[in-house]
Amino acid sequence: MSLVTYNVQDGVAVIAVDNPPVNALSPGVPEGLEAALDRAAGDAGVKALVVMGAGRTFIAGADIAVLQDMAWGKGPGGPVLHDLLQKLEDSAKPVVMAIHGTALGGGLEVAIAGHYRVALASAQLGQPEVNLGIIPGAEGTQRLPRLAGIEKAINMCVSGKPIAASEALAAGLIDKVIEGDLTAGAIAFAQRAPLAAKTHERNGRLGTVAENAPLFAAGLALAAKLRPSQEAPRRAVEAIEAAATLPFEEGCRRERQIFAECVVSDQAKSLIHAFFAERAAAKIPGIGKPSASAIARVAIIGAGTMGGGIAMACANAGLSVLLKETKAEALDAGLATIRRNYETSVKRGRFTAQDVEQRLALIHPQLDYASFDSADVIIEAVFESMALKKQIFSEIDAIARPGCILASNTSTLSIDEIASVTARPSSVIGMHFFSPANVMRLLEIVRGRATSPEIIATAMALAKHLKKVGVLAGNCPGFIGNRMFFPYMYETQFLVEDGATPKQVDAALTGFGMAMGMFAVDDMAGIDVAWRVRQEMGHFREPGVRKPLVQDQLYAMGRYGQKTGKGWYTYGEDRKPVSDPLVEELIATSARTAGIARRAIGDQEIVERSVYALINEGARVLEEGFALRASDIDVVYLNGYGFPGWRGGPMFYADLTGLKKILETIERFRRELGPRWEPAPLLLKLAAEGHGFRDYDREREA
Ligand code: 3H9
């Protein structure tokens, strides 16, 4: 099958890239486009050209699989688009780019080499390369500022966010928004279009050195704000600066050089891994791909923080929501929080007041189970009590329609035990949302022993419909995320007992790239919540396991974290954590009483003990089959626990660090810190073989 098709309609050559699913510029596509351009040039019956994408989108960029090979120094090298882009610009007949769906990365770079661009109103245009740790590498940093101006180009390349057709029109990036049929509209436009100047010769918007200086400074500040620690955004600004200061050809050379440096970096390897890991997580062996259209009505039990957030996530996706509480005051409080959260979104410009009213109209508050028999999925979101969850599941089992998904939002408890009180355990599943549920992308989908493939498939499809990343987990205590989180959390507490301070631990972790430090997280999530989970999970009931000394004391003192203004830290009006000498004294006294010899602890030890605790437990989760892939674990940590994307997730970070080195350190920890540091058998095995977790995934995939 040809990757590029060629048809002539009314004197216009319509050239369409046909490389499903997203018309990426895979090998063969640039060559096919060049051949089509040559054909049109020599075709006397052709007066103008339209270039477009077949199927659902224009060109969504370079083939990221090819970029991944480049990152690892494999394959024939990257796509060489220079000749194609020059051929487009040099065409003696006008070239009109007709855009629908997305014109992203290399796709937009191809589009801006044409003489004109028209687009459907629904089209999105962007340079998202920074999401992959790279900069535009097909002259986008040189042509984009010439069309859209320096400021717009910086914003697009640094943020990576696409813009809508209307914004692109206002910026001068496209020439017309087409209503109705895109092909017909583009042909009509092409028939009337005179030959326009080549993009690279349009220097009118490049600005002067004096005009540009504040724009570049602002660009660097934006890069530091949006993606601290990441190289690519800063380097994109550098490449755009080259557009403003160097002749076009030299600017292109500079861009290629920066691109080549970025693409082999660990950050690019990690972010490209994250891209494919997220898509791999949606593929579950033995489970088909159903549509989420099976779900129109969701019923939620519990209007607290989690239930309210889930209700918002569902309403945002256009689903009708029944929201049940037991007491009127709790229901009113839950609805007030939902309204307040939406109002904040309006203030931030995310929604209009009308959007909010539409969403609120979808949420039906109630104090009983009325209409629950019409729900396609019922999500229980009450606090972590097995007894309460069992009671609720026996109630909903009696009223839910056959085929309805019975989901628990439990973060730690056994789905099998919850399912055991129903007459239909095959319909019971875990849907573990992360707080705030209307914002966080992760949705852990927990398969019980009896959960049916259809229920799993529908739950995964629902995740996608809610614009979340669904990851399938097995039913072990804490599933993937929290099972790994507990050893990590306890290790940070041992670190402070051994001599560090909460502030120091948090600073080392955020320095590593974590979105938040562990003590700040504990204060935000609630020390009372963690306490309740410990009671339910029976942590530390086994003798001989080192037990954290301070968390229970904070709980007993009523220091629940941010909600009480005091936890590991104290909080003022601005909600910023401030070190509390009282807590530091409590830690020191507790450690001394327990006979711990406190010592100075460095940042490297903090990071290694924290992150290696995650990796070691992750290896166990993987080997025991509670995660399908190491990359699924990465997706969980990247989307639910603030692990930095540019480090690729804990398991990928382990691979980049080298499992042998990690194992050596863990074995030293076992000698120095005790048996909790027993290395996971899979880690031992892979390190001995000289393999990584990626090899493990590949082997199982094959
Ligand atoms: C670039 O262009 C560099 C340039 O400067 C040139 C340098 C020389 N390549 O996300 P979905 C696959 S950098 C290969 O589920 P959606 C994806 O893996 C690139 N494959 O669909 C999945 O495969 P599978 C700049 C790609 O509708 C399938 O398509 N461009 C690519 O939710 C469906 O994907 C980007 O960064 C690709 N470029 O969203 C765009 N894109 O079915 C990245 C997708 O086997 N892509 N696939 O799992 C996206 O943002 C979204 O995929 C998109 C569609 C919005 C296009």
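The protein chain has 30 helices and 19 strands, where helices (H or I, at least four residues) and strands (E, at least two) are DSSP runs numbered from the N terminus. Its radius of gyration, taken over C-alpha atoms, is 28 Å, close to the 27 Å that the globule rule gives for 702 residues, so the chain is as compact as a globular protein of that length. That rule is 2.2 Å times the number of residues to the power 0.38. This is a predicted model, in which local features need pLDDT of at least 70, side-chain atom pairs count only at pLDDT 80 or more, and totals for chains, interfaces and linings use all residues. Residues are numbered from 1 along each chain as its sequence is written, and side-chain values use heavy atoms, with hydrogens and water left out.

**Overall fold**
- Along the principal axes, the C-alpha atoms fill a box of roughly 85 × 60 × 50 Å.
- Of the 702 residues, 56% are buried, meaning under 20% relative accessible area (1.4 Å probe, protein chains only).

**Lysine 269**
- Lysine 269 lies in helix H12 (residues 266-281) and is buried, with a relative accessible area of 11%.
- Its side chain reaches the backbone oxygen of valine 264 at 2.9 Å.
- Leaving aside neighbours within four places in sequence, lysine 269 is in contact (heavy atoms within 4.5 Å) with Ala71, Trp72, Val264, Phe652 and Leu656.

**Helices H20 and H21**
- The axes of H20 (residues 502-512) and H21 (residues 518-525), which are lines fitted to C-alpha atoms over the stretch in contact, come within 7 Å and cross at roughly 105 degrees.
- The two helices are therefore roughly perpendicular, a term for angles of 65 to 115 degrees, on a scale from 0 to 180 degrees between N-to-C directions.
- Pro502, Val505, Asp506 and Leu509 in H20 meet Met518, Phe519 and Ala520 in H21.

Conventions: Angles under 35 degrees count as roughly parallel, over 145 as roughly antiparallel, 65 to 115 as roughly perpendicular and the rest as oblique. Buried means under 20% relative accessible area, exposed over 50%, partly exposed in between (1.4 Å probe, protein chains only). A polar contact is a pair of N or O atoms within 3.5 Å; within protein, one must be able to donate a hydrogen and the other to accept it, and residues adjacent in sequence count only if both atoms are side-chain atoms.
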